[in-house]
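Me: I've got a model open and I'd like to learn how to read it feature by feature. Can you walk me through it?

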Amino acid sequence: MSLHSIGREGELRLSFARRGERTILAEQYSRPPLQVMRAIPDAAGILCVYLLSPTGGVVQGDRYRIDLDIGVEARALFTTQSATKIYRMPEECAQQVTTITVRRGAFFEYVPDAAILFADADYHQRTEVKLEAGALALLYDIVMPGRLARGERLQFRRFANRTRVSDARGLLVYDAADIQPAQFDLDAPGRLEGYPCWGSATLVGDLAAWGLDAAALVTDTAAALSQLPTRDGIGGASLLARNGLSVRVLSQRLETIYEAFSALRLRVRDLCLHSTAPLRK
């Protein structure tokens, strides 16, 4: 008998809106197990929302849908309370679909903590982002493939991930991976090369409208990543074909990725908002 029926259908809808000098949460709907803490503004005036995990993690058969609408000239951040545990799934997969609309002149940070893929996990994730004129978004995607402290490494069954970002002119980012450790040598050259954790940070949108020099950000970020001891991690930064940049890091531990991405995030905040408010956890 299939265990698919034990999964949960979680749903979350949030709409952010600008009211005077403040950003407010104009609409909020959630269906467990997806829940959020009370939205709080940070020192930069960005409204921060934290996704909770009251059930402890994602289990077989779970189907989650998250819809985020960042209104005209709103300033918002969406993150998780902690890393997301993706548990063992003997028969079925679990799935999360996230859609994000960043409207004209809005500033949005989508910065969840890592997904931890337990042994025999089968997790499918899809993120669709649409940007209007003058919008700017920073997007994180970070993975730890197992409970490394227990010696569990690359024992998940499958991780299928797709991120698509577009604006009025068309496609900006299409990043897809279907990773099945049993079928590929993930430690081979050009793949993980012995580093268990991986992550990407993508800054995309109308960088010029926000006074950002994408080439300079890439140069500075790449220089910082080149200082990483190779025993800890490796990384690089590059320009997108237009309106953005991408940073990727492989590392022995999540903290190396968090620190690298935080440096980029705080630099962008300083240039755009003249504030370096840290992310509170």
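**Reading the model**

Reply: Let's start with A182, which is exposed, with a relative accessible area of 82%. Exposed means over 50% relative accessible area, buried under 20%, and partly exposed in between (1.4 Å probe, protein chains only). This is a predicted model, in which local features need pLDDT of at least 70, side-chain atom pairs count only at pLDDT 80 or more, and totals for chains, interfaces and linings use all residues. Residues are numbered from 1 along each chain as its sequence is written, and side-chain values use heavy atoms, with hydrogens and water left out.

Me: Where is A182 found?

Reply: A182 is in the loop between β15 and β16. Strands (E, at least two residues) and helices (H or I, at least four) are DSSP runs, numbered from the N terminus. A182 and G45 are 46 Å apart in space, C-alpha to C-alpha, and 137 residues apart in sequence.

Me: Which residues does D178 touch, beyond those up to four places away in sequence?

Reply: Contact means heavy atoms within 4.5 Å. With those sequence neighbours not counted, D178 touches R158, F159, A160 and F184. D178 lies in strand β15 and is partly exposed, at 36% relative accessible area.

Me: Now pockets. What volume does the largest pocket have?

Reply: First, the idea: on a 1 Å grid over the protein atoms alone, a pocket is an open set of points with protein on both sides within 12 Å along at least five of seven lines, where a 1.4 Å probe fits; lining residues have an atom within 4 Å of a point. Grid points are joined across faces, edges and corners, and a volume is the space filled by probe spheres set on the points. Here the largest pocket comes to about 670 Å³. It is lined by 47 residues, and the closest to its centre are Q96, Y110, P112, D113 and Q125.

Me: How do the residues of that lining divide by class?

Reply: Ala, Val, Leu, Ile, Met, Phe, Trp, Tyr, Cys and Pro count as nonpolar, Asp, Glu, Lys and Arg as charged, and the others, Gly among them, as polar. The lining of the largest pocket has 26 nonpolar, 16 polar and 5 charged residues.

Me: Is D113 buried or exposed?

Reply: Buried, with a relative accessible area of 15%. D113 sits in the loop between β10 and β11 (115-117). Leaving aside neighbours within four places in sequence, its contacts are T79, T80, Q81, S82, A83, Y258 and K281.

Me: Which residues lie nearest the centre of the second largest pocket?

Reply: A177, I179, L192, W198 and R248, out of 19 lining residues. The volume of this second largest pocket is about 450 Å³. β15 gives the largest share of its lining, 5 residues. By class, the lining has 10 nonpolar, 4 polar and 5 charged residues.

Me: How do I check a helix, say α1?

Reply: Compare its length with the expected span, which is 1.5 Å times one less than its number of residues. Helix α1 (residues 214-226) has 13 residues and should span 18 Å, and its end C-alpha atoms are 18 Å apart, which agrees. Next, look at what is buried in α1: A214, L217, V218, T221 and L225. They cover an arc of only 100 degrees around the axis, which puts them on the same side of α1. The arc is that of the directions from the helix axis to the C-beta atoms. The face of α1 turned away from that buried side carries the exposed residues T219 and S226. Covering the buried residues of α1 are, among others, β16, β17 (233-239), β18 and α2 (254-273).

Me: What about the length of α2?

Reply: α2 has 20 residues and reaches 27 Å from its first C-alpha to its last, close to the expected 28 Å. Its buried residues include L254, F261, L264 and L273.

Me: Which backbone angles deserve a look?

Reply: Most residues other than glycine have a negative phi, and most peptide bonds are trans. In this model, E73 has a positive phi of about 60 degrees although it is not a glycine. E73 lies in the loop between β6 (63-70) and β7 and, at 38% relative accessibility, counts as partly exposed. Just after α2, H274 also takes a positive phi, about 55 degrees, and H274 is exposed at 69% relative accessible area. Finally, a cis peptide bond joins P32 and P33, with omega about 15 degrees, and P33 is in the loop between β2 (22-31) and β3 (35-36).
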